[in-house]
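Subject: Structure handover

Hello,

Here is the structure you are taking over.

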Amino acid sequence: MTLQHWIDDLRRLEKAATPGDWLVDRDERRDGAHQVIAPYSRSPDGTGTICFMAHGWSEDADDANPALIAAARNALPLLLDVAEADVELREAEKAIALPVAALDDAHWAAVDRVAAATARRNAALEALTAAVKEVEREG
C-alpha cells in the first residue's frame, strides 16, 4: 500500500465517522468508566457516546486510552492535510529533477507545482501548530 492509498483510506474513514470535537468523560452510571463523547444535537446534554472504555488495564492506561482516541480523532484532519501536502510536494519535486536539456514547459509547470505544494504544506503545518497551541492553552 502506498502512502497516498493509506492517506485516502484514512480520509474516507475520517469523513464517514462522527464529526469532532471528541471529548473524554466519565460515566458515573458505569462505575466512573471513561467514555469518548462527541457533539450530538438530539441528546438532552448535547453529546452522544462514541464508545465506552473498558477499565482495569492500569490507572495510567485507563486515562490515556480514551484521551488518545479523542485526540487522534480531533487531530486526524490536520495530520492528513500535512501528509497529503507532503506527498504532493515530493511528487512535484520528482517532476523537476530533469536534466537541463529537458527544461521545457512541463518542467516549469512542475516548478510551479512545487511552489504551490510547498505553500500548501506550510499552511497545513501552520494550522496544525495553531491547533496544538490552542490545546496547550486549554490545558
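The notes below cover confidence, salt bridges and surface patches.

This is a predicted model, in which local features need pLDDT of at least 70 and side-chain atom pairs count only at pLDDT 80 or more, while totals for chains, interfaces and linings use all residues. Residues are numbered from 1 along each chain as its sequence is written, and side-chain values use heavy atoms, with hydrogens and water left out.

Confidence

pLDDT is the predictor's confidence in each residue, from 0 to 100. The protein chain has a mean pLDDT of 84, and 94% of its residues reach 70 or more. Helix H1 (residues 3-16) has the highest confidence, at 93, and helix H3 (residues 105-138) the lowest, at a mean of 83. Helices here are DSSP runs of H or I with at least four residues, and strands are runs of E with at least two, numbered from the N terminus.

Salt bridges

The whole structure holds 9 salt bridges, each being a side-chain nitrogen of Lys or Arg within 4 Å of a carboxyl oxygen of Asp or Glu. One of them joins Glu 84 and Arg 11, at 2.9 Å from N to O. Glu 84 lies in helix H2 (residues 59-96) and Arg 11 in helix H1, so this pair ties together parts that are 73 residues apart in sequence. Glu 84 is buried, at 15% relative accessible area, and Arg 11 is buried as well, at 14% (buried means under 20%, exposed over 50%, partly exposed in between, with a 1.4 Å probe and protein chains only). Both residues belong to a network of salt bridges that also links Asp 81, Glu 88 and Arg 120.

Asp 86 forms a salt bridge with Arg 90, with the closest N and O atoms 2.8 Å apart. Those two residues are both in helix H2, 4 residues apart, about one turn of the helix. Asp 86 also forms a salt bridge with Arg 121, at 4.0 Å between the closest N and O atoms. Arg 121 is in helix H3 and Asp 86 in helix H2, so the pair ties together parts 35 residues apart in sequence. Arg 121 is partly exposed, at 24% relative accessibility.

Surface patches

Met 1, Leu 3 and Trp 6 form a nonpolar surface patch with about 390 Å² of accessible area together (Shrake-Rupley method, 1.4 Å probe, only the protein chains shown counting as cover). Patches take residues with over 30% relative accessible area and no salt bridge, joining nonpolar side chains (Val, Leu, Ile, Met, Phe, Trp, Tyr) within 5 Å and like charges within 9 Å. Leu 3, in helix H1, is partly exposed at 42%.

Regards
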